[in-house]
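Me: I have a structure open and would like to go through it with you. Can we take it piece by piece?

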Amino acid sequence: QVQVVESGGGLVQAGGSLRLSCAASGRIGGINVMGWYRQGPGKQRELVATITSSGRTNYADSVKGRFTISRDNAKNTVYLQMNSLKPEDTAVYLCYAQVRRSDYDVFSDYWGQGTQVTVSS
């Protein structure tokens, strides 16, 4: 079994910063891509940022220049540093990890439960 757990959400004023963390644990043979999605009130889930095991990153246009994704492969952990937050960043932020449980397994997506980020104006 693989568990993905996020932490670090909360309430912040516009212009402030938050750092989210997400750790994968359990039976892990390897992790490919890790990333963050978000779902705001009444909105569809959207990609925020992803990072490969080699460190290649991808960002949504709406967060470029404000958010930074990073990763600690030894800890199976991904981080999302969010600066210059805006009210429209308010959402539940969900972490995912592409995990294979052994060298003979295929990669599957595992999702966390999400952490709430609320940005007040």
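**Cavity, sheet and single residues**

Reply: The largest cavity has a volume of about 40 Å³. A cavity is a set of points on a 1 Å grid over the protein atoms alone where a 1.4 Å probe fits but cannot get out. Grid points are joined across faces, edges and corners, and the volume is the space filled by probe spheres set on the points.

Me: What kind of model is this, and how are residues numbered?
Reply: This is a predicted model, where local features need pLDDT of at least 70, side-chain atom pairs count only at pLDDT 80 or more, and totals for chains, interfaces and linings use all residues. Residues are numbered from 1 along each chain as its sequence is written, and side-chain values use heavy atoms, with hydrogens and water left out.

Me: How many cavities of 30 Å³ or more does a search of the whole structure find?
Reply: The search finds one.

Me: Which residues line the largest cavity?
Reply: Lining residues have an atom within 4 Å of a point. They are Arg-38, Gln-39, Gly-40, Lys-43, Gln-44, Glu-46, Glu-88, Thr-90 and Ala-91. The lining has four charged residues (Asp, Glu, Lys or Arg), one nonpolar (Ala, Val, Leu, Ile, Met, Phe, Trp, Tyr, Cys or Pro) and four polar (the others, Gly among them).

Me: New topic. What is the strand order in the open sheet?
Reply: The order of its four strands is β1-β3-β8-β7, with antiparallel pairing. Strands are DSSP runs (E, at least two residues) numbered from the N terminus, and two of them pair if DSSP finds at least two bridges between them.

Me: Which strands are at the edges?
Reply: β1 (2–7) and β7 (67–72), each of which pairs on one side only.

Me: How many bridges join β1 and β3?
Reply: Six, in the antiparallel sense. Val-2 has Gly-26 in β3 as its bridge partner.

Me: And β3 with β8, how many bridges there?
Reply: β3 (residues 18–26) and β8 (residues 77–82) pair over six bridges, also antiparallel. Cys-22 is bridged to Val-78 in β8.

Me: Is Thr-77 buried or exposed?
Reply: Thr-77, which lies in strand β8, counts as buried because its relative accessibility is 8%. Buried means under 20% relative accessible area, exposed over 50%, and partly exposed in between (1.4 Å probe, protein chains only).

Me: Last one. Where is Gly-10?
Reply: Gly-10 is in strand β2 (residues 10–13). With a relative accessible area of 24%, Gly-10 is partly exposed.

Note on methods: 1 Å grid on protein atoms, 1.4 Å probe; cavity = no way out; pocket = protein on both sides within 12 Å on 5 of 7 lines; lining within 4 Å.
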